[in-house]
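Here is a friendly note to read alongside the model. Please keep the sequence and the 3D view open as you go through the points.

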Amino acid sequence: MGFWIKGNILKKLLPLILWFLVAWIFVTALFFTAYYLKLEGDVSSDLALRGLDNPLKLWLHGYLGQFFHFTVMGFLSWLMIPVYIYVFLNGNKVGRPVQGVLLFLALFGVLIAVKGFFNHRYIITLLPAYTVIVFHFVGNFLSRKTSIINPYQLLFSFAVFTSITVLTVSFVSNRTDSDWNAIKMKYYKWISARDHKKKIVKKSATPFATINLLNDTTIPTSVFVNELPIFYYYTNLKGIYYNPLYDFYYSAHGKVKLLEDRSDNEVVAYLTDSLNCRFVFTSKSKNSFNPRFADILQSRFDTLAKDSYYLLFVVKDD
Amino acid sequence: MINIIVGISLLLTLWLTLFSSANLLCSNMVLGKITTRHVDRWIFIAAFPVFLSVVIYYLLLFNLPANFVFGVMALLVIGTGIFGLPAFSRYIYSSFRHINSRVEYAFIAALSFFILISFFLSLIMPVYSNDLAEYVMLSRYFIDGNTQFIDGERFFENTGFYYIGLHAPGFPLLGAFGDWVFSLHNYGNAVFIKSITGVYAALLLFVSYLYFKKVWNRPIVAVMPIFLFISSYGVIISMVKFHIDTIRIFTILAVVYVILNKNRFSSLYYTILGVVCGLACFIHSLNVFFVFILVFIDFINSDLRGYNKFLKYFISALYIIGLGGIYYLLELTFGSGWVLGEL
């Protein structure tokens, strides 16, 4: 009799225990993201913006991003672990198609971790599938009505709490103190200059000052484009498309190296004389892909225009 | 302001016409006799625009003039869309017929608001991400009648643009179709291609809502996962960035759904599997690998034996190749070599 009562109480308390377990994961996530994964150093680099700029982040945001990139995935991957254990232990009950799909998701998870970790958008692929599977299993579990609490109210409060927490974590994470100051300054600037800004946007054909300048100015030469296809969309100019990471540009004859076997002076001469390019359309993050190319731009070119995204350089007159 | 209202109205009309046409051609004529489940039907309605892009791809592959191809497709979609509108409105009504909770009304209101916001953003936000700029450039080339990419060429010598992606042209072709229709009303600027993200995000939420409602039969529970799904900041960012992700995720989850519900489709399962797999491949190259893994696991798990098993999956494979895989085969044999080539 005593054993039965103990077992029954345990069953009734199980949702509550689960609830606290999940809440604990949230709180850990909040602290983890806010204090250990905040941006440091040069935030303009592509790796920093992706949250992969040191070995710890590379592992947590990258290879194990499904579990630790709370901003992107929430905490769903953690809840998939009990589902996998349940399916592993009760294979016959769930049926072979479900086992097959879970095997697929596991393989897919490994594929993402190994090959697709660099781009967080690939991790998101798992999100709808995980949502359906987790809630399907949790729903079946709660439908047994063994709880002393209304299971649906519990699930509802759980979902609301999750949403609020993950959104808070998302807002807090990946920001430095200077980011917070920048947000404040942006707000003040916006308040004081919003009318002026509106006028500027209305006047221009695009919201990008660099592109407007390219379109408004008669440019007789080609433009060297640092891997920004937007150039082709907004202008009718001819661009030479450069890949800064692997240092080559595309031509009708295939890929051609730019910096290899050339001094800085020779690079500038090659751009202006052989490629007929006096302008370079680039961005801060694209410059970070190739430091030597960025140095050449800084030392041998003048900044002609810049906006919130892009930079336009012109070769210095000797 | 008036431009925004006209733009949103045009977007709504075009998407409604597309789905109305899908409901008539695909859902009513093909699926009507097999299944009456809302989730099944909505998956096929949502897959129809991708099917449309496959048809456009074949027509352009045979060097038919772009204006003729887009014109014929637009006439077909608008004609069947208008003709099927009464049936489609009845169907939408029946999808919501059992609404008996304020929570569900709130969900539908929120979903409608979300679609309007995403259309508004499609109209006012510029093209600024690299990937979207690439798709939009391809769309523009298709509209202008330049089918060089479809013939296997990636370098556009007259502008210097080079397409880097590995994916089949499903997404830019669908965008080209919508933007071609919009250009008739001087509403270019890649508005339609940007709206695809929001529409398929809404469809993902809506179909998961229908699924949970069916499984748990309690309105409030059906809305709960939606909270969790939209709580990921990553999903929100993906919606605002106008990317290929929501349609990519929708198509691959359609494959997962069909496999999980294989018993309901009886003898047509292998055809339906082939169709959804093919369309998933035509949207994104990553889906090719997923489809391969999924079909392989399904093949191993299948209760069929011997010759019959191989024959059924061979039929599926033919559909996969015909409705999306063909692009990758052509790329591998005559084009840039796809994943084996050098980008």
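1. Helices here are DSSP runs of H or I with at least four residues, strands are E runs of at least two, and both are numbered from the N terminus. This is a predicted model, in which local features need pLDDT of at least 70 and side-chain atom pairs count only at pLDDT 80 or more, while totals for chains, interfaces and linings use all residues. Residues are numbered from 1 along each chain as its sequence is written, chains are lettered from A and ligands numbered from 1 in the order in which they are written, and side-chain values use heavy atoms, with hydrogens and water left out.

2. B:V255 has a relative accessible area of 0% and is therefore buried (under 20% is buried, over 50% exposed, in between partly exposed; 1.4 Å probe, protein chains only). Leaving aside residues up to four places away in sequence, B:V255 touches B:L273, B:V276, B:C277, B:A280 and B:L294, where contact means heavy atoms within 4.5 Å. Of these, B:C277 is 22 residues away along the chain, with 6.0 Å between its C-alpha atom and that of B:V255.

3. Stepping back, chain B contains 14 helices and 2 strands. Of its 343 residues, 60% count as buried. The C-alpha trace spans about 65 × 60 × 40 Å along its principal axes. Among contacts between residues at least 6 apart in sequence, 76% join residues at least 24 apart.

4. Now to the interface: 60 residues of chain A are in contact with 62 residues of chain B. Together the two chains bury about 5500 Å², with 71% of it on carbon and sulfur atoms; buried area is the accessible area (1.4 Å probe) that two parts lose on being put together, summed over both. On the chain A side, A:F104, A:R121 and A:Y233 supply 14% of the area buried against chain B, more than any other three residues.

5. How many salt bridges does the rule find across the interface of chain A and chain B? There is 1, and the side chains of A:R96 and B:D303 meet in a salt bridge at 3.8 Å, N to O. The rule asks for a side-chain nitrogen of Lys or Arg within 4 Å of a carboxyl oxygen of Asp or Glu.
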